[in-house]
Amino acid sequence: MPTDLNTDDPIDARIAEHRTAGVTLTVTADGAPLAGREVTVAQRSHAFRFGCTGFEFIPLANGEPDSAALEPVAERWLELFDFATLPFYWGRFEPVRGRPDTARLRRCAEWFVERGCLVKGHPLAWHTVTADWLRELSNPEILAAQLDRIRREVGEFAGVIDVWDVINEVVIMPIFDRYDNGLTRVCRDRGRIGLIRDVFAAARETNPQATLLLNDFDMSAAYECLIEGVLEAGVRIDALGLQSHMHQGYWGEEKTLATLDRFARYGLPIHFTETTIVSGEPMPPEIVDLNDFQPEQWPSTEAGEARQADEIVRHYRTLLSHPSVQAMTYWGISDGGWLGAPGGFLRADGTPKPAYHALHKLIKDEWWVSPTALVTDDAGQVRFRGFLGEYDISVADTTATVSVDTPGQAAAAVAL
């Protein structure tokens, strides 16, 4: 049980305060307390969502040729994560208008759901990797196509994907000048807040139960001003997405907590949506746009892997210590993903790095209740401390599931 949190350590103390509960569990049978019986308590999931991209498993989920080689990677993925992000970049999802890649993406989403995972679609609207054919349309036509696209995807995937990054990187969108993409033109016409209102309304009316995120890499005051304007305009945002690609070095606890405090003041849940910590040489600090650094080779090193493992542990502990953070998505389990960076938990050959083992130890050991036998008292009660999440409660051959949702002291009951 997670009783070895060092509450003299401020991070561990905050984790214990915000993520764990002392549970008094009452077990009954036929309405009467089940006294003096052995009860096995076993955690089955965390309330906190440990996520990662699942892009590479689309061929595997669809049984495509040569995809069996991905099975060991998928097994490693499922040992750590329960929250998958799948790609809905418009230019790749629908390169030819009217021919979206719906069936393949849906099968992959179902593959994750069948394995107990929550799935998020990323993104519904973005000025980068958007459909080339949009450039042939007028601005009103582009906006109409964008909103139709949102209604189509959110509607067709409802019940399988109910979490969406609705719009991505709006801070830079109207001033993006590297190439024409259509959506930048619309954002200039509508304004950032106007476009956000439009796309959120389309998603919300299509699936009112969906969790809808506003996502950005810009952690400056510009993002804060945008959020304030959106909320003042009456747009409902379910969670804020904060990106943290640390290709130029680990942020550290102080910067991470300060960033979280700045964005927590809006009272919205926070998802760390895109994180990478490299196990090779960091990107030079003078690079402004991370896309501008794509060397032919960017190897993982032994010293870098040791550093990455330490920083991964520190980063996850820091995130769990802040009550506003609901989920963390790592941007690729394997090296060589985004920008070719050595940011994965697995090397290019599929072998796990020290960071993989370090995170596994946190999630499935230090922050986990393995099957534990307890004996009920005369009132049919047992007591245990665990992380918020779901637990299987077993007596002999009968098992029931309880959820522990509130930190501090919690009461739960099962009738067998």
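1. In this predicted model, helix H9 buries Tyr223, Glu224, Leu226, Ile227, Gly229 and Val230, and the buried residues of H9 pack against helix H8, strand S8 (211-216), strand S9 (239-246) and helix H10 (253-264).

2. Helix H9 runs over residues 221-232, and its 12 residues reach 16 Å from the first C-alpha to the last, which is close to the 16 Å expected at 1.5 Å a residue. After H9 comes Gly234, a residue whose phi is positive, near 85°.

3. Helix H8 (residues 192-206), one of the elements against which H9 packs, also meets helix H6 (residues 139-156), for the axes of H6 and H8 come within 8 Å and cross at roughly 30°. Because angles under 35 degrees count as roughly parallel, H6 and H8 are therefore roughly parallel to each other, and their crossing is right-handed.

4. On the H6 side, the contact is made by Leu143, Gln146, Leu147, Ile150, Arg151, Val154 and Gly155, while H8 contributes Leu195, Asp198, Val199, Ala202, Ala203, Glu205 and Thr206.

5. Helix H11 (residues 302-320) has 19 residues and reaches 28 Å from its first C-alpha to its last, close to the 27 Å expected at 1.5 Å a residue. The buried residues of H11 include Ala309, Ile312, Leu319 and Leu320, and also among them are Glu305, Glu311 and Arg317.

Methods
Residues are numbered from 1 along each chain as its sequence is written. This is a predicted model: local features need pLDDT of at least 70, side-chain atom pairs count only at pLDDT 80 or more; totals for chains, interfaces and linings use all residues. Side-chain values use heavy atoms; hydrogens and water are left out. Axes are lines fitted to C-alpha atoms, for helices over the stretch in contact, and angles run from 0 to 180 degrees between N-to-C directions. Helices (H or I, at least four residues) and strands (E, at least two) are DSSP runs, numbered from the N terminus. Angles under 35 degrees count as roughly parallel, over 145 as roughly antiparallel, 65 to 115 as roughly perpendicular and the rest as oblique. A crossing is left-handed if the near helix is turned anticlockwise from the far one by less than a right angle, and right-handed if clockwise. Contact means heavy atoms within 4.5 Å. The expected span of a helix is 1.5 Å times one less than its number of residues. Buried means under 20% relative accessible area, exposed over 50%, partly exposed in between (1.4 Å probe, protein chains only).
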